[in-house]
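The sequence and the structure are shown first.

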Amino acid sequence: MASLWRAATGSAGQSNEGYDGVEFWSNPERTGWLLKQGEYIKTWRRRWFVLKQGKLFWFKESTVTRGSQPRGVIPVATCLTVKGAEDVLNKQNAFELSTRSETMYFIADSEKEKEDWINSIGRSIVQHSRSVTDNEIVDYDSNSK
């Protein structure tokens, strides 16, 4: 399985490929700065995050337009948990996002920001996991008649 960090990063010149038509530049559910740990080099980098339609995008800059190229995206429906991770990282305002195969770590600027991100991502996981299940049931029912 491809790493979530690289799940939808396209090669240069291909704008918005792999983002399922999500207009990440328009009316996002949540945006803000977070520190994100690198996948290979475990340094902390400040990135601008955008949560919209079940996808968590990140960018180098906070000015996000139609032409912006995300540095990466995490489909939150594949995530099982989002929870505080201060004890794991020994850092304040840390939280983790976990799938079956990996855990990603983030650090917010404040306790409130951390809680707001956990709540927003948690709601998105529930909404988008449920919609996938509902679609599968609808498809199954229509085929069985």
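The model described here is predicted. Its 7 strands form an open sheet with antiparallel pairing, in the order β4-β3-β2-β1-β7-β6-β5. The edge strands, β4 (72-75) and β5 (81-84), each pair on one side only. From one strand to the next, the twist averages 35 degrees.

A hairpin through 6 residues leads from β1 to β2. Among the residues facing each other across this pairing, R30 has L51 in β2 as its bridge partner, and G32 stands opposite F49 in β2. Strand β1 also pairs with strand β7, residues 103-107, in the antiparallel sense over 2 bridges. There, the bridge partner of K36 is F106 in β7.

**The nonpolar cores**

The largest nonpolar core has 18 residues, of which L56, I74, F95, L97, F106, W117 and I121 touch the most other members. At least two residues of this core come from each of β2, β3 (55-59), β6 (94-98), β7 and α2 (111-144). Helix α2 supplies the largest share, 4 residues. Another core, of 9 residues, lies apart from it and includes Y19, W48, F57 and V64.

Leaving out residues up to four places away in sequence, I121 touches L51, L56, V76, V82, F95 and L97.

**The aromatic residues**

The structure holds 8 aromatic pairs. Two of them are set out in the table.

| Pair | Distance between ring centres | Angle between planes | Arrangement |
|---|---|---|---|
| F24 and W25 | 5.1 Å | 90 degrees | edge-to-face |
| F95 and F106 | 5.3 Å | 25 degrees | stacked |

The pair of F24 and W25 is edge-to-face because the planes of the rings stand at 90 degrees. F24 counts as buried because its relative accessibility is 1%, whereas W25, at 21%, counts as partly exposed.

Over the ring of W117 sits the charged end of R30, 5.0 Å from the ring centre.

**Two helix residues compared**

Which residues does S124 contact beyond its neighbours within four places in sequence? They are E29, L51, G54, V76 and S129. S124 lies in helix α2, and it counts as buried because its relative accessibility is 1%.

V88 lies in helix α1, residues 86-89. Is V88 buried or exposed? V88 counts as exposed, because its relative accessibility is 52% and the cut-off for exposed is over 50%. Leaving aside neighbours within four places in sequence, V88 is in contact with E96 and Y105. V88 and Y105 are 17 residues apart along the chain, and their C-alpha atoms are separated by 9.6 Å.

Methods. Residues numbered from 1 in each chain as written. Predicted model: local features only at pLDDT ≥ 70, side-chain atom pairs only at ≥ 80, totals over all residues. Heavy atoms only, no water. Pairing = 2+ DSSP bridges. Axes fitted to C-alpha atoms, helices over the stretch in contact; angles between N-to-C directions. Buried < 20%, exposed > 50% of the residue type's maximum accessible area, 1.4 Å probe, protein only. Contact = heavy atoms within 4.5 Å. Core = buried A, V, L, I, M, F, W, Y, C linked by side-chain atoms within 4.5 Å. Phe/Tyr/Trp six-rings, centres within 6.5 Å; stacked < 30°, edge-to-face > 60°. Lys NZ or Arg CZ within 6 Å of the ring centre and 35° of its normal.
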